[in-house]
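Here is a short report on one protein chain. Look over the sequence and the model first, then read on.

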Amino acid sequence: CYLDATLYAMFAFTNTMDYMLSSPVEGPVNQTIQKTLRESVVNPLRECGFVGAGHMKTLRDLLSRSSTLAGLEDEEKEPEELLNVLFTEIFNIKPLLSFRDGANEISHVNLCQILLERDPHSSTMPHTQDLLTRYFVSQNLFFHTQPDLLLLQVPRSGKDFKLYDTVLPSTELQLGGLCGGVWGSCYICNEKPFMKCPQCYLNQVCFVLSLMK
């Protein structure tokens with residue numbers, strides 16, 4: 001379930017998002033949501049590694065009552081939709097990420113969805129770093145400001161089709177080349193580039209050499 005998976009990723013092995021559990025919120029329903037999330041979901045998840053279906057149902061019902069997003073009780077949603085409800089409507093948190101595209105237009109989001117086609121040149125299992133860099137290059141994106149917190153959604157896989165059998169998590173992410181509008185150095189002459197070409201950069205040889213720097 002999207003709700004289970006998203007909350008598990010946010011709270012199971014990191015306390016980065018714990019400020020949501022104690023920050024002031026407005027309205028009795030939102031306060032109840034915060035208490036339910038803290039005491040009935042996060043606490044048992046960390047203590048027992050398991051959250052009962054009844055607790056998740058209670059949280060889902062509360063979110064449905066408080067949110068303007070229809071279908072939270074009985075429809076599948078994208079993780080980004082859930083995060084927007086939590087951050088914007090419940091906890092009143094500013095968007096975590098700011099992107100700038102090639103036209104210098106800035107967008108603000110809470111989640112970076114890595115939307116890619118499978119690399120036809122590679123038969124190996126990709127790392128998160130590989131997918132993130134390829135996505136930014138292919139979409140001509142940069143971080144407008146370096147993020148303090150980065151939530152990623154790797155390429156999805158369903159019952160009948162899997163883009164990748166496995167995605168290996170990178171223990172560290174190098175974001176320097178994704179900020180400021182410059183893609184490192186030229187892989188041929190090692191000088192600072194005056195322009196970038198996504199088609200060239202996404203060439204397997206260029207891409208591998210750039211990751212090795």
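## A buried residue in a loop

Ile114 sits in the loop between strand 3 (112-113) and helix 5. Helices here are DSSP runs of H or I with at least four residues, strands are E runs of at least two, and both are numbered from the N terminus. Ile114 counts as buried, at 1% relative accessibility. Buried means under 20% relative accessible area, exposed means over 50%, and partly exposed lies in between (1.4 Å probe, protein chains only).

What does Ile114 contact, leaving aside its neighbours within four places in sequence? The list is Leu131, Leu132, Tyr135, Leu152, Gln153, Val154 and Pro155. Contact means heavy atoms within 4.5 Å. Ile114 and Leu152 are 38 residues apart along the chain, and their C-alpha atoms are separated by 7.2 Å.

## How to read the model

This is a predicted model: local features need pLDDT of at least 70, side-chain atom pairs count only at pLDDT 80 or more, and totals for chains, interfaces and linings use all residues. Residues are numbered from 1 along each chain as its sequence is written, and side-chain values use heavy atoms, with hydrogens and water left out.

Leu152 belongs to strand 5. Is Leu152 buried or partly exposed? Leu152 counts as partly exposed, at 25% relative accessibility. Its contacts, setting aside neighbours within four places in sequence, are Leu111, Cys112, Ile114, Thr128, Leu132 and Leu173.

Glu80 is 72 residues from Leu152 in sequence. Their C-alpha atoms are 10.0 Å apart in space.

## The chain as a whole

The protein chain has 7 helices and 5 strands. From the N terminus on, the elements run α-α-α-α-β-β-β-α-β-β-α-α. The chain holds 213 residues, and buried residues make up 38% of them.

Take the contacts between residues at least 6 apart in sequence: 63% of them join residues at least 24 apart. The chain exposes about 12,700 Å², and carbon and sulfur atoms supply 53% of that area. Accessible areas come from the Shrake-Rupley method with a 1.4 Å probe; for residues, only the protein chains shown count as cover.

## Helix 2 against helix 3

Helix 2 (residues 28-48) and helix 3 (residues 53-66) have axes that come within 10 Å and cross at roughly 160°. That makes helix 2 roughly antiparallel to helix 3. Angles under 35 degrees count as roughly parallel, over 145 as roughly antiparallel, 65 to 115 as roughly perpendicular and the rest as oblique. Axes are lines fitted to C-alpha atoms, for helices over the stretch in contact, and angles run from 0 to 180 degrees between N-to-C directions. The crossing is left-handed. In a left-handed crossing the near helix is turned anticlockwise from the far one by less than a right angle; clockwise makes it right-handed.

Which residues of helix 2 and helix 3 meet? Helix 2 brings Val29, Asn30, Thr32, Ile33, Thr36, Leu37, Ser40 and Val41. Helix 3 brings His55, Met56, Thr58, Leu59, Leu62, Leu63, Arg65 and Ser66. By class, this contact has 8 nonpolar, 7 polar and 1 charged residues. Ala, Val, Leu, Ile, Met, Phe, Trp, Tyr, Cys and Pro count as nonpolar, Asp, Glu, Lys and Arg as charged, and the others, Gly among them, as polar.

## Helix 1 against helix 4

The axes of helix 1 (residues 2-11) and helix 4 (residues 79-90) also come within 10 Å. They cross at roughly 65°, and the crossing is right-handed.

Tyr2, Leu3, Thr6, Leu7 and Met10 in helix 1 meet Pro79, Leu82, Leu83, Leu86 and Phe87 in helix 4. By class, this contact has 9 nonpolar residues, 1 polar and no charged ones.

## Two asparagines with positive phi

Most residues other than glycine have a negative phi. Asn104 has a positive phi, near 65°. Asn104 lies in the loop between strand 1 (97-101) and strand 2 (106-109). Asn104 is exposed, with a relative accessible area of 53%.

Asn140 has a positive phi too, of about 55°. Its loop runs between helix 5 (128-139) and strand 4 (141-143). Asn140 counts as partly exposed, at 27% relative accessibility.
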